[in-house]
Amino acid sequence: MCFKLINDCCGNMNKSERAAFEKKLMFGFTALTILGFLMEIIAVSTDSWLLFYIEGGLYQNATSKYIHRVYSGLWRICKVTRTKNDDPSTEATKCDYHNFFPTTKEIIYDKSIDQQILDYMRTGCAFSIISMTLMFLVHLFAVYTIRRPRYTIKRLTALLHFMTAACIVVMNEVFIRTTEYADEHLPARIPRKAEHDYGYSFVLSWIVFVFYLCAGVVFLFLSQKRKAKMADSDDDLAVEDEPVRLRR
C-alpha cells in the first residue's frame with residue numbers, strides 16, 4: 001500500500017523531481033538504519049535480553065544466598081542475591097561472562113550448561129558479530145548509492161539490507177530457542193518457580209530487524225533500470241544506469 005502511494009506520487013513528478021525524491025527517500029531510510037545500528041549496539045552490549053524473577057527467593061547451598069532476580073544477555077548473566085531472604089539491605093548484584101568454551105570437566109559438574117545450550121549460545125553470539133559487520137558494510141554501500149544511484153548498486157545494497165535482517169532474525173530466534181531449552185532441561189539455569197520475560201534489549205533487536213527489512217524493500221523498489229535513450233534530457237538517473245565504456 002505504501003509503495004503504491006510512493007509510485008503514484010513519483011508518477012506526478014518530472015524526471016529531475018523524481019530523482020531528488022528518490023535520493024531523499026534513500027537518505028531517510030539510511031538515516032533510519034544508522035539509528036538501528038546504534039540501537040543494535042545497545043541491544044547486543046546490554047544484559048536485558050532475558051529477565052526472570054523468583055518470588056520468595058531461591059536458596060543456593062553453594063553460595064548460602066537467596067537468588068531473587070536474574071537478567072541475562074548474549075555475553076554475560078547477572079544475579080541479584082540476598083544474604084538474608086527478608087532483608088533487602090543485604091541485596092547484591094554479581095555479573096559473570098558466559099563461558100562459551102568450558103572444559104569437559106566443567107560441563108560435567110556445572111548443571112547450568114550442557115553441549116546443546118553451549119551450541120545455542122555460540123551461534124547467537126556468532127550471528128550478532130556477523131550482523132554488526134553487515135550493518136557497517138551496508139551503510140558504506142548506501143552512502144555510495146546516494147551519491148551514485150546506479151541500479152546495480154541499489155540492488156546490491158538492498159541485498160545487504162535483507163542479509164542483515166536475516167542475521168538478526170537468526171540471532172533472535174536462537175536466543176528464543178536457548179531460553180526454551182534452558183527452561184525445559186536446565187533448572188539450574190532457569191529455576192522451575194521462576195517467572196521469566198524478555199527485556200528491552202530483545203525488543204530493540206526486533207525493532208532493528210524491521211528497520212533493515214523496510215530499508216531493503218525501499219532500495220529494491222527504487223532499483224528500476226532506466227534507458228537513457230528513452231529518458232528526458234534532464235534524467236540523471238537514466239544516465240547513471242548506462243554502462244561505463246573504458247577507453248584508452
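## Cysteines, inside and out

Cysteine 78 is tucked away: its relative accessible area is 0%, so it counts as buried (under 20% relative accessible area; exposed is over 50% and partly exposed is in between, with a 1.4 Å probe and protein chains only). Cysteine 125 is also buried, at 6% relative accessibility. Cysteine 95 is partly exposed at 30%, and cysteine 214 is partly exposed at 35%.

A word on the model: it is predicted, with local features needing pLDDT of at least 70 and side-chain atom pairs pLDDT 80 or more, while totals for chains, interfaces and linings use all residues. Residues are numbered from 1 along each chain as its sequence is written, and side-chain values use heavy atoms, leaving out hydrogens and water.

## The disulfide

There's 1 disulfide here (a pair of cysteine sulfur atoms within 2.5 Å). Cysteine 78 and cysteine 95 make it, with their sulfurs 2.0 Å apart. The torsion about that S-S bond is about 110 degrees, so the disulfide is right-handed. Cysteine 78 sits in strand 3 (residues 76-82) and cysteine 95 in strand 4 (residues 91-97), so the bond ties together parts 17 residues apart in sequence. Strands (E, at least two residues) and helices (H or I, at least four) are DSSP runs, numbered from the N terminus.

## A helix pair

Helix 4 (residues 115-147) packs against helix 5 (residues 151-185) at about 160 degrees, axes 8 Å apart. That makes the two roughly antiparallel (an angle over 145 degrees). Their contact residues split into 22 nonpolar, 10 polar and 2 charged; Ala, Val, Leu, Ile, Met, Phe, Trp, Tyr, Cys and Pro count as nonpolar, Asp, Glu, Lys and Arg as charged, and the others, Gly among them, as polar.

Notes
Axes fitted to C-alpha atoms, helices over the stretch in contact; angles between N-to-C directions. Parallel < 35°, antiparallel > 145°, perpendicular 65-115°, else oblique.
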